[in-house]
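Morning, everyone. The sequence and structure are coming up now.

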Amino acid sequence: MFALFASLSGALSATRTDPADEEAVQRLVSAAREGDRSAARELYSLHVARVYRVVRFMVQSDADAEDIVQDTFLKALGALDRYARRPGVRFISWLLTIAVNTLRKRAAKLSRLESVAPDVLEAQRAEALGSDPLGAELDQARLREQLLSLLAELPARDRWSLTLRYGGGLSAAEVGAICGLSEANVRKICERQRRRLLSRLEHALGPAAFEAVHTRSAS
Amino acid sequence: MSEYHDPGERELALLMRALDPPPAAQERMEVALFQALDAASLAEPEVAPEQSLTAEWIELFKLRPAANSALMVAAAVVLYFTTPLGVLAGLLGR
């Protein structure tokens with residue numbers, strides 16, 4: 001199980017740093033608006049993981065997620081002229097609003113994630129075993145499986161709140177603005193469902209794995 | 001930047017990164033995205049910049065300066081006698 005967190009740790013270091021500096025993001029937005037393609041690429045690289053994370057929790061397959069993420073960025077980068085910075089609302093919040101709207105519009109066409117299809121999980125397991133005999137990838141697939149299936153059990157409103165808050169890295173106020181909920185309500189939902197989710201994940205993955213996560217979180 | 005004050009919040013945010021796109025998928029999406037953007041920008045028709053009314057008048061004047069000068073003088077005279085200032089000047093002149 002420690003292999004899982006070692007692989008997670010590797011994935012984290014490989015992931016681009018989250019755009020903590022909103023001013024830098026705004027400079028990239030201005031440059032991309034002027035037609036600077038490298039700035040547009042930088043915006044994509046900075047935000048793709050968070051958008052993908054949110055979208056992936058809402059659809060059944062990686063292919064669907066890729067399709068929607070691509071559509072989201074296509075719309076966003078094509079509409080930068082219409083993007084207006086508002087106080088307290090970051091660029092990622094605007095981007096995730098587009099992602100959520102894209103998801104909602106295409107929900108009818110896609111099979112929504114009510115439970116992870118067993119054949120999909122089996123394929124993931126087989127692929128992981130084949131490519132990684134040490135089992136790190138298999139552990140990661142187990143974590144993905146657990147997260148997806150546990151989140152799928154939640155009501156849509158709670159699922160949106162959790163994925164936007166912890167997958168997308170939005171504040172409770174930003175999540176509330178997207179979901180049409182008050183900030184206090186989002187906090188309450190996240191608090192309740194987070195505890196429940198972590199407890200069930202700990203039960204499913206084992207306490208040793210969670211100790212490792214605590215160590216990582218504290219560092 | 002959203003801050004997680006509770007260790008449980010950081011923990012869940014960290015766990016959720018298990019669903020990050022693999023680098024190959026990220027690259028695949030990037031290539032497809034920018035190809036689509038390039039195609040869209042090529043398909044956009046050339047739109048002429050919008051001209052102001054003044055610019056259009058200047059353009060017309062440049063085309064036929066002699067005829068347009070006479071027209072402009074006539075327009076100025078009509079405007080002078082139909083505006084309050086012109087009417088007032090006419091009344092005072094009587």
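Chain B puts 30 residues in contact with 51 residues of chain A, contact being heavy atoms within 4.5 Å. This is a predicted model: local features need pLDDT of at least 70, side-chain atom pairs count only at pLDDT 80 or more, and totals for chains, interfaces and linings use all residues. Residues are numbered from 1 along each chain as written, chains are lettered from A and ligands numbered from 1 in the order written, and side-chain values use heavy atoms, without hydrogens and water.

Between them, chain B and chain A bury about 3900 Å², 65% of it on carbon and sulfur atoms. Buried area is the accessible area (1.4 Å probe) that two parts lose on being put together, summed over both.

There are 7 salt bridges between chain B and chain A, each a side-chain nitrogen of Lys or Arg within 4 Å of a carboxyl oxygen of Asp or Glu. One of them joins the side chains of Arg53(A) and Asp20(B), at 2.5 Å, N to O.

Now the core. What is the number of residues in the largest nonpolar core? It has 68, and Val51(A), Val55(A), Phe91(A) and Leu164(A) have the most contacts inside it. Such a core is a set of buried Ala, Val, Leu, Ile, Met, Phe, Trp, Tyr and Cys residues joined through side-chain atoms within 4.5 Å; buried means under 20% relative accessible area (1.4 Å probe, protein chains only).

Leaving aside residues up to four places away in sequence, Phe91(A) touches, among others, Glu22(A), Leu43(A) and Tyr83(A).

Definitions and conventions
Buried < 20%, exposed > 50% of the residue type's maximum accessible area, 1.4 Å probe, protein only.
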